[in-house]
Amino acid sequence: MGYLRERMGKILAGVIGLALFAFIVGEVVQSGSSFFRGDVNNIGEVNGEKIAYVDFNQRLEQSTQQFKQQSGQSLTPQITNYIQETTWNQYLTELLLNKEINKLGIIVGTDESQAMISGSNPDPQVQRQFVGQDGQFDKNKLNQFLSYLQSPKVEAAQVNAWSDFVKQLIAAKKQQKYMSLVTNGLYVNSLDAQDDYLAKNKLANFKYTVLDYASIPDANIKLTDDDYSAYYNEHKSEFKNQQELRSFEYVSFNAAPSKEDTLAVKAQVDKLVADFKATPNDSLFVQINSETKSQLVYQKKGQLEPKLDSVMFAADKGFMYGPYLSNGSYKVAKLIDSRISPDSVKARHILINPATTGGVDKAIAKADSLKKLIEGGKSFADLAKMFSVDKASGEKGGDLGTFARGTMIPAFDDVAFNGKPGDIKVFATQFGVHLLQIEEQKGSSKVVKVAVVDKPLTPSSKTQAAVYSKAQSFLSSLTNENFDAQAKKAGLPIKNAEDVNGTAASVLGLDNAREVVKWAFKSDKGTFSDQVFTVGDQYVVARVSAIKPKGILPLDVIKKQIEPMVRIQVKGKQLSDKLQAALNGATSIDQVAQKAGSKVVPLQNIVFANPVIPGSQAEYKVIGTVFGSQPNKLSKPVQGQQGVYVFTLDSFTNPAQLTNNVREKEQIGQALLQRSQGMVLDALKDKANVKDNRAKFL
């Protein structure tokens with residue numbers, strides 16, 4: 001029964017996992033946010049189908065919890081934004097795929113779904129839930145679990161969890177079928193294989209001359225509106241904005257700790273030194289007086305921060321170091337103890353969950369009972385398989401392998417490294433109650449236990465008030481026309497946050513700028529903020545400088561962005577005219593180079609599949625033109641990446657005849673297959689009418 005209940009925990013995790021990761025390769029799960037506060041509007045819309053923020057929020061909570069469980073990391077603004085962004089993409093993917101699936105009438109029949117669960121070869125997701133001691137799928141455990149679901153003792157929540165798990169399996173199967181329809185339609189013919197073979201093996205030998213764009217100084221180029229329009233019209237499709245972007249300028253007032261604040265924090269630490277040295281209870285002293293409440297543990301050389309690592313291993317017990325400044329805090333350290341300790345330990349354990357045994361006291365009592373059984377001759381390995389809630393080690397008889405100091409949590413390390421081989425210890429950690437047997441200890445080296453009291457450098461309320469007052473005074477002086485002038489008058493550099501999306505958590509210079517971004521997406525171009533934003537130790541006043549709407553961006557929005565390319569195009573025209581003049585009457589590449597004031601460069605064995613000119617860069621247009629040319633003819637000027645080229649093809653060296661194209665077909669087909677899923681999703685998203693309102697909520 002314990003096994004069956006334990007299965008439900010994994011299946012619940014599996015339901016979340018399937019919902020988040022089941023099928024779409026490259027689509028990372030993203031979730032909604034618990035930051036929504038009572039807004040009943042929709043967070044988005046896809047082809048007329050509305051996405052309620054409460055549904056998105058539920059997804060976000062699931063993936064956020066899963067991230068915490070899997071990574072153990074705390075949520076930073078950047079991580080939160082990453083989870084939100086990936087959840088949104090996943091949500092769009094599901095809606096778009098489901099629409100296509102329903103349109104095509106793709107289903108998973110009763111017999112098929114039954115085979116996925118209890119057939120001779122169940123779905124891999126099912127197999128991963130039911131494994132034996134050897135780590136392989138155990139059909140008996142699956143059958144046992146399915147029988148348990150039919151028993152009268154099973155709870156409704158467990159049945160519902162399994163039902164959700166199966167629904168996710170079926171949904172993933174439908175998506176697989178849809179993608180199979182796409183990929184099965186991919187076909188590589190003999191001509192494709194022949195072209196690919198020639199692109200990789202046919203060699204071109206040619207000579208070229210080039211006039212670099214850099215040969216014309218930028219200052220000599222005066223761009224006109226016609227120049228911009230010509231470039232824009234030729235490349236308009238490149239300026240499609242997938243989502244609305246905004247740019248804003250801002251000034252910041254630094255509220256970092258003042259010199260007086262720093263001296264005040266140091267004085268606090270100075271006062272603690274004598275009491276810290278005299279205290280008989282170092283652990284309690286750290287918990288009461290230190291900002292960082294860390295457990296005192298033995299550490300080996302290299303585990304302490306550098307300033308301590310260089311002195312503590314040569315010091316005597318009771319040695320005090322500091323106060324010293326480190327990572328934005330004043331600290332004082334005390335050497336509590338040093339000893340020679342093993343470098344690694346081989347051990348096994350049985351983990352008991354206090355929540356299912358009636359509390360920590362009862363869990364310890366149960367561990368003590370198991371200890372007596374082991375001391376009386378019972379097999380540790382057998383008891384671990386029966387009673388340990390750590391199934392990963394339990395299936396291996398509780399074996400944890402050999403681990404170095406610092407691999408486990410501090411409380412676990414203390415017991416494992418401070419005992420001796422053969423000891424059986426009972427102790428509690430945040431994971432439960434452990435029954436640990438130390439099997440072997442290897443090596444020996446000096447370790448130290450160091451207590452550190454730290455006080456972070458933070459600005460005083462006086463400092464914060466003074467800086468905020470300056471920021472507020474600057475804000476009150478602003479009009480829509482004088483932002484630049486007032487910033488210059490105050491001696492404040494104007495910083496730029498360009499092309500920010502509506503869910504961005506940070507921008508250049510601001511690590512947690514969410515509130516500023518939300519304001520920017522509610523404001524008009526040219527307006528300044530109606531408040532002073534607090535971002536870390538900075539007070540920020542901002543102004544919206546540009547709005548790039550979704551869709552094809554107008555020329556005036558991207559004019560500054562495309563200026564370098566427009567200048568290159570204008571230079572290219574001038575250099576092309578120069579080379580065209582050199583071509584008039586010329587019969588060889590040497591004559592062209594002489595007239596143009598350049599030199600001739602010969603190249604051998606260039607392949608179409610690798611269009612790089614040695615010593616330069618990839619020149620796709622130039623090499624492509626070479627392979628489409630006839631030998632011994634001067635080319636027209638070709639505008640490349642580095643400059644404008646003229647060339648003459650000497651010859652091609654053709655490879656041996658391709659007699660068996662199977663390998664080439666397989667390679668091309670595999671490459672198509674790998675790209676197909678992502679390309680299908682990109683095509684569906686590009687075609688869809690998507691309204692993204694996340695900036696209002698997140």
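## Val-592 and its contacts

Let's start with a single residue in this predicted model. Setting aside neighbours within four places in sequence, Val-592 is in contact with Thr-209, Leu-579, Ala-582, Leu-583, Ala-586, Leu-634 and Val-646.

Which residues touch the most other members of the largest nonpolar core? They are Val-592, Leu-579 and Ile-562, in a core of 23 residues. Four elements each supply at least two residues of this core: helix H9 (225–234), helix H21 (555–583), helix H22 (589–596) and strand S20 (643–653). Of these, H21 gives the most, with eight residues.

## The largest pocket

Now for the empty space. Rolling a probe the size of a water molecule over the atoms shows where such space is left. In this model, the largest pocket holds about 780 Å³ of space. Its lining is made of 28 residues, and Gln-242, Gln-243, Glu-244, Lys-550 and Asp-692 lie nearest the centre.

Where does the lining come from? At least two residues each are supplied by helix H3 (77–104), strand S4 (240–241), helix H24 (662–687) and strand S21 (690–692). H3 gives the most to the lining of this pocket, with four residues.

What kinds of residues line the largest pocket, by class? You will find 14 charged residues, eight polar ones and six nonpolar ones.

Conventions. Residues numbered from 1 in each chain as written. Predicted model: local features only at pLDDT ≥ 70, side-chain atom pairs only at ≥ 80, totals over all residues. Heavy atoms only, no water. 1 Å grid on protein atoms, 1.4 Å probe; cavity = no way out; pocket = protein on both sides within 12 Å on 5 of 7 lines; lining within 4 Å. Points joined across faces, edges and corners; volume = space filled by probe spheres on them. Nonpolar A, V, L, I, M, F, W, Y, C, P; charged D, E, K, R; others polar. Core = buried A, V, L, I, M, F, W, Y, C linked by side-chain atoms within 4.5 Å. Buried < 20%, exposed > 50% of the residue type's maximum accessible area, 1.4 Å probe, protein only. Contact = heavy atoms within 4.5 Å.
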